[in-house]
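Hi there,

Here is the structure I promised to hand over. Have a look at it first, and then read on for what turned up.

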Amino acid sequence: MTSYHYQKHQLQMEQVSIKSIATQVQTPFYCYSQTAICNAYNSYVEQLTSMDTLICFAVKANSNQAILKTMADLGAGADVVSEGEMRRAIMAEIPASKIVYSGVAKTQSEMEYALSQNILQFNIESENELLLLSKVASSVNKVVKIAFRINPDVDAKTHAKISTGKSENKFGIPISKALAIYQLAAKLPGIQVQGVDVHIGSQLTQLEPFENCFILIKQLVEQLREDGHTISIVDVGGGLGIDYAEDDSEVPTIESYCALLKQQFSDLGCKLILEPGRSLVGNSGILVSKVIYLKEGEERTFVIIDAAMNDLLRPSMYDAFHNILPITETEEQACYDVVGPICETSDTFARTRIMSVINEGDLIAIDSAGAYGAVMSSTYNTRLQVPEVLVKDNQFSIIRERTDYEQLINQDQLTAWQ
Ligand SMILES: *Cc1c(COP(=O)(O)O)cnc(C)c1O
């Protein structure tokens, strides 16, 4: 499902050569394929036609307006985790009636904003959050539709920093306390219980944790119904992993994940909400960078590129593997450490990587950077935030410009006493 290919040894995104973009946009920049995003979305849709389903793109994976508009045009909803993300989704014309609001700590003012928009569902993560929402909703004479995010105590078998479904994690209501909190919610003013929600982690590379989780959720829905609750929605969260390596490490496909959903939920009589993020956009994007220096260390050869950990945090934050591709394909290979210019050893994209021989001035692409890339970027080291480019067929468009130094520095202000 990779979005690029080589044509006459030149890396292309759809029908646009990366080199031609780089003549107009300075590196580093993100580049996404709109067709790849649509294809991933449509794989979900095609597999789930037999069920009443809403796919709510997890906005935090890539929140650029052009990406969200792509989702809106496909008919997607949005899963948001802040007021800011909700505003982004609504600005990009994703209808509020397709927005679910997740997150462990919604504040009162965020709740008020969400209430004013009449969103599809609040996913509530604690009793205190429930009580506050009840108060806020009652005060404006509204009834809000909610689901509880259940923590099923299932091991997602993913990186510890993105595992969210174990009892030691901060997320959700422990499944052992689920029946009690649904009973409490049923008595509260301003609250209408409609669903059960779960999300056990991100970059899951096996189906088994999903299956263990879904079995528990299904049982819970049945118990809740016996207790007299009307449960019409099951929100299964996101988390399906993507392939970051070239060695096809057997990440489950969207098709096999959907087959599991159908197997578990088709006879439950619920509308299904999915919140995929990474699996919709991750493989659609690359980060294009230029080699500044080759540096011979005592034991290693360092390729120092103009992209850094502030542009793509995943390798330093999650020890993530990303393929690194030459823009001009060569046969010859060598072993490199690919690093950025920031003064931290964690500013490293690849260690002892065997890859195409590269030279100073060459362009390279860091693969599978469409999710949790640009959104996690910062201006650390007072580096300008990276621009983003969207490609479709033979066209490309800058969907986020690089800021300039003046804009960046002028965000600061001197105090009155200086
Ligand atoms: C992050 C997140 C998602 C998306 O996860 P992916 O791994 O990108 O699919 C979905 N739901 C919730 C609640 C999240 O926090």
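Let me start with a question: is Lys392 buried, partly exposed or exposed? Lys392 is partly exposed, with a relative accessible area of 35%. (Buried means under 20% relative accessible area, exposed means over 50%, and partly exposed lies in between, using a 1.4 Å probe and protein chains only.)

Two notes before you go further. This is a predicted model, in which local features need pLDDT of at least 70 and side-chain atom pairs count only at pLDDT 80 or more, while totals for chains, interfaces and linings use all residues. Residues are numbered from 1 along each chain as its sequence is written, and side-chain values use heavy atoms, with hydrogens and water left out.

Now the salt bridges (a side-chain nitrogen of Lys or Arg within 4 Å of a carboxyl oxygen of Asp or Glu). The structure holds twelve of them. One of them joins Lys392 to Asp393, with the closest N and O atoms 3.8 Å apart. Another pairs Glu125 with Arg149 at 2.9 Å, N to O. Those two residues lie 24 residues apart in the chain. Glu125 is buried at 4%, and Arg149 is buried at 7%. Lys69, Asp73 and Glu93 are linked in a network.

Finally, the strands (DSSP runs of E, at least two residues, numbered from the N terminus; two of them pair if DSSP finds at least two bridges between them). Strand 17 (residues 333–339) runs parallel to strand 15 (residues 301–305), joined by three bridges. Strand 17 also pairs with strand 18 (residues 348–356), antiparallel, over six bridges.

Enjoy exploring!

Terms used. Helix = DSSP H or I, 4+ residues; strand = E, 2+ residues; numbered from the N terminus.
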